[in-house]
Structure formats: structure tokens, C-alpha cells
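Subject: Structure handover

Hi,

Here is the structure for your files. My notes follow below it.

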Amino acid sequence: MKLFLNVKIIENSYDFKPGLTFQNVICTDLDNYSSPEVVATALKAIEVSDSLFAYFELCESSHSGSILKVIQVLISYKHPLQINYSGKSDSLEKLVSRLGGKPIKKDELEPAISSFFS
């Protein structure tokens, strides 16, 4: 299963913007306010996927919430993986960078995802 994981660090729990979708790719959105059930579902999707593109939208002025659980799982991911991020958060940027994450401009995201899964 191909998985696109969109992880958002948002300032409040009322930020409802639709996520990206791609043909033949399972897409899931997760944020720092996600319920334990949503986080567990995302972690299970990571576990059963055979390739993963993770995109982190960072925000300095907010807490990481349960996002650290996702980062811990990504550390031991054994299949093809690409991680990109945008935004600013000193602490999370360091963690994501240690996983091999690279900054990306939002307008470059969709072509990068399509290229990864082609």
C-alpha cells in the first residue's frame, strides 16, 4: 500500500482544511489535536504500508501533541520513505531533519509526491 501522510502542527483545533488526494495512494491527515483513535489509525496505516511519503506542516507557536509518536514510528520504518516539511518549528525541524526530512515549498509538494509514487 502506498501511503501519503500529511502531518499538520496547527495553532487551534478548528483548522479544517481538506487534504491532498492522489490516485492509487491512500491519503491520511493528522494534526497535533488528533484524537488517540485517529493517531492509532495513522500508525497502523504506516505499519502496513510498503512506501510512505510524509509531509509535515510545522508551526512554531503550537505544541507537538501526539506527533512525537508518529516520528518514533518513522524512525524504524523499513520501506521506501520520503519526508518533507514546510513552516518553522525549531524543535520539530531538528527531529524531522534527523529522519532525513528536507524542506519543500508548498507549490512543489504535489509534483514531489507524484514523482515518489510513480
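Which side chain makes a polar contact with the side chain of S49? The side chain of Y77 does, at 2.7 Å. A polar contact here is a pair of N or O atoms within 3.5 Å; within protein, one must be able to donate a hydrogen and the other to accept it, and residues adjacent in sequence count only if both atoms are side-chain atoms.

This is a predicted model: local features need pLDDT of at least 70, side-chain atom pairs count only at pLDDT 80 or more, and totals for chains, interfaces and linings use all residues. Numbering starts from 1 along each chain as its sequence is written, and side-chain values use heavy atoms, leaving out hydrogens and water.

More on S49. The residue sits in the loop between α1 (36–48) and β3 (51–58). Helices (H or I, at least four residues) and strands (E, at least two) are DSSP runs, numbered from the N terminus. S49 is buried, at 2% relative accessible area. Buried means under 20% (1.4 Å probe, protein chains only). A polar atom of the S49 side chain also lies 2.9 Å from the backbone oxygen of I46. Leaving aside residues up to four places away in sequence, S49 touches M1, L3, Y77 and H79. Contact means heavy atoms within 4.5 Å.

Now the whole protein. The protein has four helices and five strands. Their pattern along the sequence is β-β-α-β-α-β-α-β-α. Of the 118 residues, 42% count as buried. Among contacts with a separation of 6 or more, 71% come from residues 24 or more positions apart. The C-alpha atoms fill a box of roughly 35 × 30 × 30 Å, taken along the principal axes.

Best wishes

Note on methods. Buried means under 20% relative accessible area, exposed over 50%, partly exposed in between (1.4 Å probe, protein chains only).
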